[in-house]
Amino acid sequence: MTAGSPAVRFVDRLLASGFDFFAGVPCSLVKTVLAELERRRLYLGEVREDAALGVAAGAYLAGRMPAVVMQNSGLGVSLNALGSLHLLYRIPCLLLVTWRGFEGKDAPEHLVMGERMPRLLTLFGIPHRTLAATGIEGDVEWAAVRLKETRRPVALTVPPGLFE
Amino acid sequence: MTLGEALAVIAPLVPEGTVSIHANGYIGRAGCAARDRDESFYMIGSMGLASSIGLGVALAQPRRRVLVLDGDGNVLMNLGALATIAAAAPPNFLHVCFDNGAHASTGAQPTVSDRVRLDEVARAAGYRSVSRVESREALLAEARTFLAGEGPAFLLVRVALGPAGPPAPRIPHTPEEMTARMRRALGAAR
């Protein structure tokens with residue numbers, strides 16, 4: 001096991017699995033992860049989640065293996081980019097989606113998306129797993145292998161408490 | 001000057017090796033008809049995102065020049081991208097906006113670009129250089145300088161709406177083929 005905080009180990013794992021381009025819109029559930037990406041100067045903060053997906057698509061065209069960080073509220077914003085860019089053009093991207101509204105316990109604005117997020121990902125044909133404190137390494141590697149094989153987006157959802 | 005006439009001026013002047021990212025709608029169709037290269041990418045959906053895709057290529061390959069061929073409707077849909085591009089300030093990023101003041105491919109519904117000058121928005125966002133041309137002669141005079149210049153640079157090309165109907169056939173390549181040929185051209189593995 002690598003030394004350091006969960007966020008540091010997670011970023012190490014992402015890099016070890018080949019991810020080398022990071023963009024996104026922040027969420028408090030991954031603030032330590034974003035701080036670590038920023039510290040390593042690996043992260044482009046974007047204005048909207050679909051713009052982040054656009055930048056990630058460009059990076060993939062240029063040979064990078066991208067990941068986009070977003071809150072699940074941004075998944076709604078992302079659907080047209082996922083449908084008419086990534087899935088249509090076979091452009092893979094790791095989606096790191098925080099799970100606000102997890103188990104129905106959150107501020108009201110997160111409850112509708114929180115309840116539907118896994119089904120929404122499934123509906124769009126995006127394979128997904130929910131990260132847990134044990135097994136993160138395997139889940140990241142699963143996503144990396146799946147991305148390369150299918151050339152489609154894959155999502156890892158991040159429940160509260162994991163990186164806080 | 002129509003969109004087709006403007007692209008007929010710019011396309012032959014684009015240096016070999018430059019990546020061209022075309023916005024959706026008529027811009028990609030006219031751009032493909034004017035000059036098609038392996039380094040040309042035609043977005044057929046994801047309206048607004050051509051500038052973001054171009055930024056991703058420019059950041060990932062800083063030695064390669066990237067030309068985004070955008071429209072007023074697309075720029076307005078992803079206006080925040082102008083801020084991200086200006087802040088990231090990639091010197092290899094060139095941004096053309098063909099401004100006909102309308103969503104031409106959906107029936108010419110007007111945009112607000114007749115009242116909101118998108119070149120001034122790009123200037124305010126902080127693009128290194130911004131220019132605007134309104135005639136074919138002015139575009140001929142400006143295009144070489146723009147294509148050879150340092151980015152992020154924004155060139156607004158005012159074009160007339162029309163003629164009615166599509167300017168060229170649909171893109172002949174499948175989306176998947178476009179991804180594969182661009183990655184080959186940029187030296188990426190499958």
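This is a predicted model: local features need pLDDT of at least 70, side-chain atom pairs count only at pLDDT 80 or more; totals for chains, interfaces and linings use all residues.

Reader: How many residues does the largest nonpolar core have, and which have the most contacts inside it?

Author: The largest nonpolar core has 116 residues. Those with the most contacts inside it are A:Leu94, A:Ala56, A:Val68, B:Val96 and B:Val157. Helix H3 of chain A, residues 49–61, gives the most to this core, with nine residues.

Reader: Why does B:Arg64 count as partly exposed?

Author: A residue is buried if 20 or more other C-beta atoms lie within 10 Å of its own, and exposed if 12 or fewer do. B:Arg64 has 17 C-beta neighbours inside 10 Å, so it counts as partly exposed.

Reader: Where does B:Arg64 lie, and which residues does B:Arg64 touch?

Author: B:Arg64 lies in the chain B loop between helix H3 (50–60) and strand S3 (66–71). Not counting residues up to four places away in sequence, B:Arg64 touches B:Gly17, B:Val19 and B:Asn92. B:Pro91 is 27 residues from B:Arg64 in sequence, and their C-alpha atoms are 10.0 Å apart.

Reader: How many residues of chain A are in contact with chain B?

Author: The size of an interface is often given as the accessible area lost when the parts come together. Here one can count contacts: 25 residues of chain A are in contact with 28 residues of chain B. On the side of chain A that touches chain B, H3(A) gives the most, with nine residues. The residues of that side divide into 15 nonpolar, five polar and five charged.

Terms used
Residues are numbered from 1 along each chain as its sequence is written. Chains are lettered from A and ligands numbered from 1 in the order in which they are written. A nonpolar core is a set of buried Ala, Val, Leu, Ile, Met, Phe, Trp, Tyr and Cys residues joined through C-beta atoms within 7 Å. Helices (H or I, at least four residues) and strands (E, at least two) are DSSP runs, numbered from the N terminus. Two residues are in contact if their C-beta atoms, placed from the backbone, lie within 7 Å. Ala, Val, Leu, Ile, Met, Phe, Trp, Tyr, Cys and Pro count as nonpolar, Asp, Glu, Lys and Arg as charged, and the others, Gly among them, as polar.
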